[in-house]
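The sequence and the structure are shown first, and the reading follows.

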Amino acid sequence: FDVPGRVAGLRILMFTVFGKDGWEDRRVAFKEWPELKATLGLQYLPLLSIPGSPPVKVHSAEAMMRWAGKQAGLYPTDADAALLADEMMTTVYEALSKAPRPSSIVTADMLPQLWKDFTEDPPPAEGQKAKKAPMSLYFSYIQDRIKGPFFAGADLSVADLALYMLVNYFVKGEIPHISAEYVPSTFPAIKDHHTAVKEHPLVKAYDAAYADSSSAVHEVKEFESSSAQK
């Protein structure tokens with residue numbers, strides 16, 4: 001879609017490998033989605049199509065991140081380092097997959113409360129240990145893994161771009177039910193990490209190349225409403 005979404009980090013990798021003109025970054029308008037959805041193998045985006053006979057088509061954003069990351073030199077060659085990078089990428093995408101979203105069961109008017117429950121730690125019950133909200137649990141775990149400024153220290157990797165993608169959902173308004181200050185005010189190490197990734201030369205080059213691109217973030221809430229069956 002024409003939002004950063006789950007491919008924010010992947011687009012940076014694709015640009016790093018292929019430049020702006022070496023690949024087609026097709027962004028689907030929300031209004032086009034119902035018709036397009038029925039034509040896709042797994043009926044969701046993103047979709048990577050690699051030219052060939054027949055062309056290779058891949059639906060997994062996480063797999064695409066590894067594929068592009070290896071070509072960009074941002075996937076660790078050391079087995080132990082790759083394990084840690086893989087864990088962080090998988091944790092990021094797992095957190096995203098568990099987030100509330102509209103469906104035939106979850107209506108649009110349910111989403112604000114569901115997101116509140118997903119992100120805000122509940123008050124502890126008397127005599128019991130405090131529990132973390134699901135997103136808080138994930139972010140706390142991820143935050144502890146950041147050596148600084150990036151996961152592995154000084155070097156940017158695919159894992160850093162995956163976390164950058166997830167944080168973008170919050171700070172860029174793609175989750176209209178949660179304050180843009182949720183992550184910066186609650187997880188300071190993740191805030192610093194996001195700033196460091198944004199200031200990395202590869203990310204700044206991408207941002208400069210696509211400075212004139214449109215964005216449909218303001219349409220997300222309406223799209224959620226149309227995607228949910230009321």
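A residue is called partly exposed when its relative accessible area lies between the limit for buried, under 20%, and the limit for exposed, over 50%. K204, at 44% relative accessibility, therefore counts as partly exposed. The model under discussion is a predicted one.

K204 forms a salt bridge with E199, the closest N and O atoms being 3.7 Å apart, and E199 is itself partly exposed, with a relative accessible area of 47%. Side chains of opposite charge can pair in this way when their charged atoms come close.

| E199 | K204 | 3.7 Å |

In the pair of D207 and K198, D207 is partly exposed at a relative accessible area of 32%, and K198 is partly exposed at 33%.

Turning to the helices, α5 (residues 111–119) and α6 (residues 134–144) pack with their axes 4 Å apart and at an angle of about 40°, which makes α5 oblique to α6. D117, F118 and T119 of α5 make this contact with P134, M135 and S136 of α6, and the residues involved divide into three nonpolar, two polar and one charged.

Within α6, the buried residues are M135, S136, Y138, F139, S140, I142 and Q143, and these buried residues pack against α4, α5, α7 (158–171), α8 (182–186) and α9 (188–198). On the side of helix α4 (residues 79–97), T91 touches Y138, Y141 and I142, when residues up to four places away in sequence are not counted. T91 counts as buried because its relative accessibility is 11%.

Helix α7 contains M165, a residue that is buried with a relative accessible area of 0%. Leaving aside neighbours within four places in sequence, M165 is in contact with G5, R6, V7, A8 and G9, and also with V92, Y93 and L96. Although M165 and Y93 stand 72 residues apart along the chain, their C-alpha atoms are separated by 9.7 Å.

Methods: Residues numbered from 1 in each chain as written. Predicted model: local features only at pLDDT ≥ 70, side-chain atom pairs only at ≥ 80, totals over all residues. Heavy atoms only, no water. Helix = DSSP H or I, 4+ residues; strand = E, 2+ residues; numbered from the N terminus. Buried < 20%, exposed > 50% of the residue type's maximum accessible area, 1.4 Å probe, protein only. Contact = heavy atoms within 4.5 Å. Axes fitted to C-alpha atoms, helices over the stretch in contact; angles between N-to-C directions. Parallel < 35°, antiparallel > 145°, perpendicular 65-115°, else oblique. Nonpolar A, V, L, I, M, F, W, Y, C, P; charged D, E, K, R; others polar. Salt bridge = Lys/Arg side-chain N within 4 Å of Asp/Glu carboxyl O.
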